[in-house]
Amino acid sequence: MSDLPGIYNYLIVVFLMMAGFYVVISQGNLVKKLVGLGLFQTSVFILYISMGNVIGGAAPIVAEGVTVYSSPLPHVLILTAIVVGVATTAVGLSLAVRIHEAYGTVEEDDITAQDRADDETVGTSSTKDAAANATSTEDAR
Amino acid sequence: MTLFEHLPVLVVIIPLLAAPLCVLLDRPVLAWLAALLASWATFAATIGLVAQTASGETISYYLGGWAPPWGIEYRIDTLAAYVLLIVSGIAAVVMLAARTSVAKEIPADRAARFYAALMLAMAGLMGIVATGDAFNVFVFLEISSLSTYALISMGRDRRALYAAFQYLVMGTIGATFILIGIGFLYMMTGTLNMADLAARLPAVSNAATISAAFAFLTVGIGLKLALFPLHLWLPNAYAYAPSMVSVFLAATATKVAVYLMLRFVFTVFGHEFSLEQMALHYVLLPLAVVAILSASLVAVFQQDLKRMLAYSSVAQIGYILLGLALMSPEGVTAALLHVFNHALMKGALFMALAAVMWRVGSVQLTDLAGLGRYMPWTLGAFVIGALSLIGVPLTAGFVSKWYLVTAAIDAGWWWLIPVIAVGSLLAVIYVWRVVEVVWFRPPNPALVDQREAPLSLLGPTWALALANLYFGIHADLTTGTAETAVASLLGGLR
């Protein structure tokens, strides 16, 4: 076997990471951004799992006749990181849902355009708006 | 006493347990009470830690009784205790005011969950500081970040949602960079304990992997602390978050990131590697200078006062990094002092704005004309906080700027003095705009019959404003602690 299997994982990691990062930057759609973010995080999971591998090592389960084991610690660490990644995606998606409720769109350009339109029309009457909001929260209670 | 031995972990566990309790109690008042008690208990526990570490001792606590480097170690030295005190102190003051402000800004059915998220954010920030394990840092960082995204999104304006989303994307990229950096360190040394890392890194410090780890960690932490070009998430997040969240985040979140930077640069990598081999200060110095000048300039043109203070925060972080970049014990002392004093001044300023928001429902400058006649106490506290921000003598802000200027002269970088002076002058300008509008303009007709803010908001505001004066006059208290912390952080640099 050549060195290729050794570097192969890291090449995949770099590719996935850059692909994810590019999607986050280039896409205007918030959901697509989250997909890119997920890809970006996943690449790091593979990085950790790859570094735990010991050449010729078996799975870290005690068995007769096996002396070389892969390191289980990175796997455990990355389990935590996967949970964090899932939580991040969940929070991100729920924010996207709320943004869709509030703006009617999840496209970045439309959101900024609406915000800019708000700035122009609302202007000084923001006091009234905020006051109205305040009373409506009180009513709700 | 056994409970006393467990203080290092209690400061994390109390708020962490308070969070689910808030959700279970479900009633705004009960949840607030639970959060209030938890934050003051944590504050009391932190004072115990500060007392134990005051003269430079280090407390090492083995989580679950597992000795490091196998188990997770909580390590509290003077620096950590000092930052823990900032976080828990601000949280305790915020909780005093939270009930009044949250009742107005957060719908009642979400209030309990709001307190739960606030407690989680606090637990995360305390954990980052308390832990001595690199991977644990990442976990706590994500606990605090995820709850922060949720907190910001509870702002009344719909833009809060988009601000939270932007922060989520940038924060996650930052946290993932930190994760990569920690992974590289583990790859080369086979350990995650910070003290152990520090012992093993010099042997492999020539490897490219370590340099890459350092770069990833610096950029990742830079995103979290709003280092100049990476600060884009901060203004919107602070401006649209609920008032109490703005107070808490502005005073603590970036400070904890600064702590993390200090911890990795000086404890884990060591200053020889960070500053001599990687020349970190040549990266930080120009960025800090640009941050001070450009963010202050942008702050001058803001109409939204919370946004103005947010840009001012970016500039103040510039001062902190400037102290760090001076690469001398005096410089790092100045940075630490500014961490503490900036928490006090931004706490007071954002708290005063929370009171204005509660009464007027807006913090747009144009809406506040003549408000000084109706809310003299609130805006009086605002002016004290603003004087401290400028760095007027007898306020806390003066002490840290004085140390910064002295450190710059000692380092022979005299050209930094005009930079600091121009930054302060710009602060005078953006503060004066507010003073001019609220005190000297004829009152906005919409404000007739406005009264002073209730005592529950006014009290914490003044407590923070008076703390600015107290620590400006009795400066030896903070400077002494900061010098002890720096001595233990970089003994070798002298």
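Is B:Arg159 buried or partly exposed, and what is its relative accessibility? The points below take up this residue and the contact between the chains in a predicted model.

1. B:Arg159 counts as buried, at 13% relative accessibility. Its salt-bridge partner B:Asp157, with the closest N and O atoms 4.0 Å apart, counts as partly exposed at 35%. Both residues belong to a network of salt bridges that also includes A:Asp115.

2. Between chain B and chain A there are two salt bridges. B:Arg158 forms a salt bridge with A:Asp118, where the closest N and O atoms lie 3.0 Å apart.

3. Chain A brings 46 residues to the contact and chain B brings 40. Together the two chains bury about 3900 Å², of which 72% is on carbon and sulfur atoms. B:Arg158, B:Tyr162 and B:Phe165 supply 19% of the area that chain B buries against chain A, more than any other three residues.

4. On the side of chain B that touches chain A, helix H7 of chain B gives the most, with 18 residues. By class, this side has 25 nonpolar, eight polar and seven charged residues.

5. Within chain B, the side chains of B:Asp77 and B:Arg263 meet in a salt bridge of 2.9 Å, N to O. The pair links distant parts of the chain, 186 residues apart. B:Asp77 is buried at 12% relative accessibility, and B:Arg263 is buried at 6%.

6. B:Glu73 and B:Arg75 form a further salt bridge, with the closest N and O atoms 2.9 Å apart. B:Glu73 is buried, with a relative accessible area of 3%, whereas B:Arg75 is partly exposed at 33%.

Conventions. Residues are numbered from 1 along each chain as its sequence is written. Chains are lettered from A and ligands numbered from 1 in the order in which they are written. This is a predicted model: local features need pLDDT of at least 70, side-chain atom pairs count only at pLDDT 80 or more; totals for chains, interfaces and linings use all residues. Side-chain values use heavy atoms; hydrogens and water are left out. Contact means heavy atoms within 4.5 Å. Buried area is the accessible area (1.4 Å probe) that two parts lose on being put together, summed over both. Helices (H or I, at least four residues) and strands (E, at least two) are DSSP runs, numbered from the N terminus. Ala, Val, Leu, Ile, Met, Phe, Trp, Tyr, Cys and Pro count as nonpolar, Asp, Glu, Lys and Arg as charged, and the others, Gly among them, as polar. Buried means under 20% relative accessible area, exposed over 50%, partly exposed in between (1.4 Å probe, protein chains only).
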